[in-house]
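Keep the view open while you read.

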Amino acid sequence: MNPEPGSTASYSLRRRLTFAMMTGFLLILSILAVALWNYAVAAANRSFDLLLEGSAITILGRVSSNANGITVDFPPAALEMLGLAEDDRVFYRIFTAEGETLTGEADLPGPEVDITNDETQYFDARYSGTLVRFVRQRKIVAIDDQTLPVLVQVGQTRIARDVHRNALFLRGMMVLGVLAVAGIFFARMSINLALKPLSGIVTDIESRDPSDLRELKASPPREIASLIAAINGFMRRLDASKDNAQNFIADVAHQIRTSLSALNGQLELASEPGKPEELQRRIGSAGLQAKKTIALTNQLLAHAMVIHRADNQSKSAVDLVDLVTTAIENHVKQRASTGIEFEFVRKDALNNPVILGDAVSLQEALRNLISNVEAHAGDRPCLRFTIERSGTGNRVFLIVEDDGPGIPHGQRANALDRFSSFGNSLGSGLGLAIVKAVMDAHDGTVTLGDGANGGLRVELSFPC
Amino acid sequence: MLSVDRFPTVVFIAALFSAIATGLPAKAGSGQLNIYSATDTSAMQQVLDAFQAKYPEVRLVYTEYNTRELHEALLGGTISDADIVISSSVDLQVDLVNRGMANSIDVKMDPAIPRWAQWRSELFGFTFEPVVTVYNKKAFETFEFPATRSALALAIRDNPEFFENATGTYDIALSGVGYLFAAQDMEKGYQFWRLVESFGRAGAETFCCTSHVLDKVAKGELLVGYNVIGSYAAERMRLDPRLAIAAFTDYTLVMSRSAFVHRSAPNPDTAELFIEYLLSREGQRKITQSSALISILEAVEGKSERMTIFGNLEAMRPIKFSPGLIGYLDRLKRAQLLADWQDALGSNGME
Amino acid sequence: MRILLVEDNTELATMLADRFSAQGDAVDVEGDGAGADQLLAHSKFDIVILDVNLPNKDGYSILQSMRERKDSTPVLMLTARSEIDDRVTGLDSGADDYVVKPIEFRELAARCRALVRRRTGQAANVFRHGNFLFDRSAKRAFVDEIDLNLRNRDVQLLEAFLGNLDRVIAKEDVADKIYSFEETPSLNAVEQAVTRLRKKLEGSPIIIRTVRGLGYIANAREQ
């Protein structure tokens, strides 16, 4: 009943969820990775920038003035301090705001000196063949009566801070990775857990006999309760439809058997010796019986066709006026000497009412209604089609009225059922059932009533 | 300049051909290797010979310089074909490396080589040389040689006649190593300046090189030589019983000769091979056993015997290879230090 | 009539052929779709009765080939109820009419005649059905060879109806066909004209019915 789970299924819920989770994790992971990277860069910079700044401060501390001008007692410890980053090279320059180098590397790169800025400046610049992180600090030194800004710029290659940054990043990523793997693992576990009740249902369905259409016994979790309810509802309908089908087959078999045995009987009778007039009469009634059998078969096929189309045919716009016109034309074509007087009334003078439907089925329904009149009503029956819109405008009525004998009140309730034919011997008992089936397929209704002229009034109501 | 080429010309031509054939640079273990060194050739000769024996296809060209001259020549671009740069002035070496002049090399390094004697996988120390004081053994027969710098300063103050014109040390303006030792001394504390002032009062003499100091002390022309390279002193003492060595107990500096591969070395693979050999057990053993120099490795055969002469191993303070050394090379700092030194030593200190 | 019956059910084909022959029609029976296509390409028939489901080539394809060859022979499709389709009911395929199986021979024969009649009626000058005869060029109609003495307007009206047999024609359309621009047609006048014509046609197989609310529908009754 059910294929191997996962083998021919169009997709796996588990794989989907896992994929969704992984995508989510990956997304979060990449966002976090970016954040982590920025953090690592900032953290590495912060710690090593402090070192650089400490170095600069130490150097600035030794910048002073005496009678000869600015003096620098360069503190080697300032560079020693930077030696904490073992493999990094260091550079420094002490210079005036005018750009005069007091000591150190005169060619250190850096932005224009801004005298007003006494903030510590950090920047990266290429020097000596590599990227160097620089700090620049300023100090005001007083000489005689004036003051002079002195700047110190200390630089350090980025090896240690890059190592530090990478270590921070990798450590963070490792934690995130472990979290992600654990997350996915738990997600899979919970998916399995969540899907467990489904497998119980699968087992239940798989172990069933094809004819077993009882409700599923599973006590489903809330999330899939509606699914189970839907399955159970479907099973009930399937059960009902199966019963219907069985009844229908039984009905059909009975009808055809009856009809054929009658035909057989007539033919046997016809083959017995008798007077020529008697034989003629017998053959005549055998012919009539054959006609009835053909009519019955036709109607059975029509009914089957209507049911089949209801399931399979896509609907298109159908103009009701055209529908009625064609029905009349078809009838006249088929029964050139028909005695029916047709009449058409439109209560709605505006546009032709158009419904969404299957023209073939609808035509079949009208054909049956017209045939009924032909069969049941009198010599020159009058058949009136009326098209009318409901007051609210959301329904369209196609009313078919005749002036025949109609259907007695007591029998109307069953008139729409199969093989409920009464009276005339040529009726198959399927005509109204076919109409009913067509209307069901169009979400419409059939209502039987009394016609204005005492006949039968069939009201077809369509949504629009 | 002195070119050491002990190789037969035939082989040299063969090596040249092979270099042409294979294209430049030569493959490891062949071609010409230019070594620029601020270390006595005599001290290096044995280890160079050993390397040559191991790699006969290499043509070694060894050029000797003074430490400061070498530094300036390299900075100024006078030398353009250096493969290997060796110097005993580690501060100058660190400066060159800091300027990006060295190649980072991936050598199979003995883990016993101490961290302080290397920097950035570029600069490698390959000797262990305490900085000591030598004295004339005979002159100090009567009283014990002072164990610390303070004690020596006190002794000079208390016995001015005895020490008058009898002390000598590096001319730190002239000698790169001398300047390095002085800078390191200064960093260690105030005793140094007291000592220098004592030297000044006693009319100390200054020299360019350790050997000159050793000569004078041995002859008795000087009684005390301060801050001389221990390895040379020990070697000399072994041959000359008039000399004695004192390693101060307050601290004894230890220097290491260092080498690096020049960034634009014409023959980098062979240069790397040379460094590797220098640091290998084999190279280190050669250094310890056949030259005045002492191995950087603790466990090399013969080192401990060589070290006994210094006694007092606890007070050894190696000069760490680090950018801090550059601080003393600062133009103003150096000028200041030299000025202070002159002040303290007095004009009579200058020859 | 010369009929081509394309039907692969042998019993049905034989029965129909027998019945048509008994009426005096010439019938060719072909059971294969491709064969029928060949036959149609070379021979001329008055009408083709074509089953939808055929071996080798289905009825629609045969029909399509015919129409592509500009062969306008009337075609009547036979279809099973279960195969009924918009292509048949809407006659979109180019068929002229269709009959649903199981077939009642009398109806089939009547439809065939109606088709042939409609075709010759449009093409030829003389429309004949049973005891009725209409000579277009002479503008005269006869029942049992008695002249109906049609007036001009009657003739126009008759032509309109004979050209649209079995089709509902709106009263306005009728008016358009029989009145010129200058005349002001009143629907009342149309009704009167139709009533008059109907009276004259009494005894003929031509029936003009009024469908109140829609117009008129004329057909030819079988006799």
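Start in chain C, where helix α6 (residues 152–162) packs against helix α7 (residues 171–178) at an angle of about 130°, their axes lying 9 Å apart. Helices here are DSSP runs of H or I with at least four residues, strands are runs of E with at least two, and both are numbered from the N terminus. The axes are lines fitted to C-alpha atoms, for helices over the stretch in contact, and the angles run from 0 to 180 degrees between N-to-C directions. That angle is why α6(C) and α7(C) are called oblique to each other: under 35 degrees counts as roughly parallel, over 145 as roughly antiparallel, 65 to 115 as roughly perpendicular, and the rest as oblique.

Who does the touching? On the α6(C) side you'll find R153(C), Q156(C), L157(C) and A160(C), and they meet V174(C), K177(C) and I178(C) of α7(C). Two residues are in contact if their C-beta atoms, placed from the backbone, lie within 7 Å. Sorted by class, the residues of this contact come out as 4 nonpolar, 1 polar and 2 charged. In that scheme Ala, Val, Leu, Ile, Met, Phe, Trp, Tyr, Cys and Pro are nonpolar, Asp, Glu, Lys and Arg are charged, and the others, Gly among them, are polar.

Before going further, a word on what you're looking at. This is a predicted model, in which local features need pLDDT of at least 70 and side-chain atom pairs count only at pLDDT 80 or more, while totals for chains, interfaces and linings use all residues. Residues are numbered from 1 along each chain as its sequence is written, and chains are lettered from A and ligands numbered from 1 in the order in which they are written. For chain C the average pLDDT (the predictor's confidence in each residue, from 0 to 100) is 84, with 90% of the residues scoring at least 70. The complex gets an ipTM of 0.82 and a pTM of 0.57 from the predictor.

Now zoom out to the whole of chain C, which has 8 helices and 12 strands. Of its 223 residues, 35% count as buried, meaning that 20 or more other C-beta atoms lie within 10 Å of the residue's own; 12 or fewer makes it exposed, and in between is partly exposed, with C-beta atoms placed from the backbone. A109(C), in helix α5 (residues 105–123) of chain C, counts as partly exposed because it has 19 C-beta neighbours inside 10 Å.

Chain A has 9 helices and 14 strands, and 28% of its 464 residues are buried.

How do chains C and A meet? Their contact takes 20 residues from chain C and 23 residues from chain A. On the chain C side, α4 (86–89), α5 and β12 (215–220) each give two or more residues, and β12(C) has the largest share, with 3 residues. By class, this side has 8 nonpolar, 4 polar and 8 charged residues.
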